[in-house]
Amino acid sequence: MTSRLRVLVVEDHEPFRRVICELLQERADLLVVGEAADGLDAIRQAEALRPDVVMLDIGLPRLSGIEVAGRLRAKVPDAKLMFVTNESSLEVVEQAFRRGAHGYVYKPRVQRDLLPVLEAIVRGGRFVSGGLERIAQGDSLASHRHDVVFCSSDAVLIGAFSRFIEGELRQGNAVVAAVTAVHERHLQSSLEASHVDVALAIRQQRYLPMNVSELLAKATVNGCPDPLRYLDAAGDLLIDVTRRATDHHARVSGCGEGSSILWSQGHVEAAIQLEHLWDGIAMSRQMDILCSYPLAARNESVQTARRVCAEHTAVEIS
């Protein structure tokens with residue numbers, strides 16, 4: 001972007017509107033010319049200000065973002081429309097593009113995706129964050145999920161992972177679980193209590209527990225973890241599982257705590273890099289992934305916790 005771009009921000013939640021504006025204000029070539037908190041005001045300001053880009057939430061008071069987009073196409077046809085929303089369903093994304101959207105940013109990824117998506121649409125592209133990029137090209141593939149849950153206790157972690165694994169197995173998918181040996185024992189007990197035949201799933205190679213401590217040990221060089229070595233250590237198994245799942249027309253999903261362990265050991269950058277690498281794998285293979293962190297990790301450093309959240313498609317605190 002070579003000239004100063006004029007942006008209208010439409011978001012009814014004031015704290016999140018501040019987040020968007022602060023991100024935009026980090027760039028000298030961007031100018032926030034207006035802010036609106038409801039759909040009707042968004043249309044009024046867009047007509048008066050003639051912005052280059054209108055950033056829209058979907059769940060707006062008085063008039064939804066989808067309806068606003070439809071009207072703005074006629075009133076300010078030269079403006080680029082960019083949705084910033086918590087809505088992640090395929091139907092909503094497709095509807096947004098039918099109404100004239102040029103970009104679509106999933107709110108949990110706003111810090112990571114807002115500016116790159118903005119740059120892409122200004123250059124004439126169409127872009128969607130959160131693993132839905134191919135929808136902008138007319139593809140109907142479902143997105144991957146790379147969610148994170150901040151857990152207040154080990155019991156909460158076991159419950160979250162157990163529900164995730166059970167749900168994937170009941171859908172006929174294969175699941176890789178990269179957890180500690182202690183958590184694997186608790187997971188097995190929890191799954192069996194929910195009437196999941198764990199032994200059968202393991203024999204069928206549909207449930208594959210991996211010892212995350214051993215994987216991390218293989219990935220450590222001179223006392224420092226190497227995320228690429230971690231993926232290399234897990235790669236052979238993952239490739240084999242993916243191949244067999246594809247042969248049976250199933251998907252592969254995964255849950256794990258490798259990044260959480262790196263975080264707890266003080267290797268924050270390695271933890272975030274590992275999350276980023278896994279997200280690339282999840283996107284390319286259309287995998288669903290669930291990560292966990294202790295709740296304390298979120299409370300220790302707001303700035304660092306935001307970086308972790310930005311690597312995920314959804315964030316849960318439990």
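A salt bridge is taken here as a side-chain nitrogen of Lys or Arg within 4 Å of a carboxyl oxygen of Asp or Glu. The views show a predicted model, in which local features need pLDDT of at least 70 and side-chain atom pairs count only at pLDDT 80 or more, while totals for chains, interfaces and linings use all residues. Residues are numbered from 1 along each chain as its sequence is written, and side-chain values use heavy atoms, with hydrogens and water left out.

**View 1. Lys 107 paired with Asp 57.** The closest N and O atoms of this salt bridge are 3.3 Å apart. Asp 57 lies in the loop between strand E3 (53–56) and helix H3 (65–75) and Lys 107 in the loop between E5 and H5, so the pair ties together parts that are 50 residues apart in sequence; helices (H or I, at least four residues) and strands (E, at least two) are DSSP runs, numbered from the N terminus. Both Asp 57 and Lys 107 are buried, that is, under 20% relative accessible area, where exposed means over 50% and partly exposed in between (1.4 Å probe, protein chains only).

**View 2. Lys 107 paired with Glu 11.** In this salt bridge the closest N and O atoms are 2.9 Å apart. Glu 11 lies in the loop between strand E1 (5–10) and helix H1 (14–25), and Lys 107 in the loop between strand E5 (103–106) and helix H5 (110–122), so parts 96 residues apart in sequence are tied together by the pair. Lys 107 and Glu 11 are both buried.

**View 3. Asp 29 paired with Arg 27.** The closest N and O atoms of this salt bridge are 3.1 Å apart. Asp 29 is buried at a relative accessible area of 15%, whereas Arg 27 is partly exposed at 22%.
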